[in-house]
Amino acid sequence: MYENEPEWAKYITEESIEDYGLLDLISIIGFEATKKLMIHYAGNTITIPKSANTKYKHQYVLDNYDGTKMSRIKTALACQITENYIFKIMKMYKDKKAI
């Protein structure tokens, strides 16, 4: 229980949660954080855009791709992008940073 938690929230236990979406969330951020979201954001839809990670993946490519085929394969797999997209990123940034 955290400060300002409503009294009824004590009935929310990890064992009582049956929703698969919430169970996935628990496995990622933990029960207490999921419980806070349930209490404060019930009924809301939270969307995390796919593009939120783009600049971080780009920076990863810039920092880890060394020009070799093996590096390109490892980097593409790590970022879940194509090898051709790595060439596009390298061309896009040249000597600049993504972040």
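Y93 counts as buried because its relative accessibility is 14%, where buried means under 20% relative accessible area, exposed over 50% and partly exposed in between (1.4 Å probe, protein chains only). This is a predicted model, in which local features need pLDDT of at least 70 and side-chain atom pairs count only at pLDDT 80 or more, while totals for chains, interfaces and linings use all residues. Residues are numbered from 1 along each chain as its sequence is written, and side-chain values use heavy atoms, with hydrogens and water left out.

Y93 lies in helix α5; helices (H or I, at least four residues) and strands (E, at least two) are DSSP runs, numbered from the N terminus. Apart from neighbours within four places in sequence, Y93 is in contact with H58, L62 and A98, contact being heavy atoms within 4.5 Å. The C-alpha atom of Y93 is separated by 36 Å from that of S27, 66 residues apart along the chain.

**Packing of α3 and α5**

Two packed helices are described by the angle between their axes and the distance between the axes. For α3 and α5 the angle is about 90° and the axes are 10 Å apart. Axes here are lines fitted to C-alpha atoms, for helices over the stretch in contact, and angles run from 0 to 180 degrees between N-to-C directions. The angle makes α3 roughly perpendicular to α5; that class covers 65 to 115 degrees, with under 35 roughly parallel, over 145 roughly antiparallel and the rest oblique. On the α3 side, H58, V61 and L62 meet Y85, I86, I89, M90, M92 and Y93 of α5.

**Nonpolar cores**

A nonpolar core is a set of buried Ala, Val, Leu, Ile, Met, Phe, Trp, Tyr and Cys residues joined through side-chain atoms within 4.5 Å. The largest one has 10 residues: V61, L62, Y65, A76, C79, I81, I86, I89, Y93 and A98. Two or more residues come from each of α3, α4 and α5, and α5 gives the most, with three. A second, separate core has six residues, among them I17, I26, F31 and I39. V61, of the largest core, is in contact with T75, C79, I81, I86, I89 and M90, leaving aside its neighbours within four places in sequence.

Q80 follows α4 and is found in the loop between α4 and α5. Its phi is near 55°, a positive value in a residue other than glycine. Q80 is exposed.

**K35 in α2**

K35 lies in helix α2 (residues 31–41) and is buried. A polar atom of the K35 side chain lies 3.2 Å from the backbone oxygen of A9. Leaving aside neighbours within four places in sequence, K35 is in contact with E5, A9, K10 and I12.

| Residue | Relative accessibility |
|---|---|
| K35 | 5%, buried |
| Y93 | 14%, buried |
| Q80 | 70%, exposed |

Note on methods: Polar contact = N/O pair within 3.5 Å; in protein donor to acceptor, adjacent residues only side chain to side chain.
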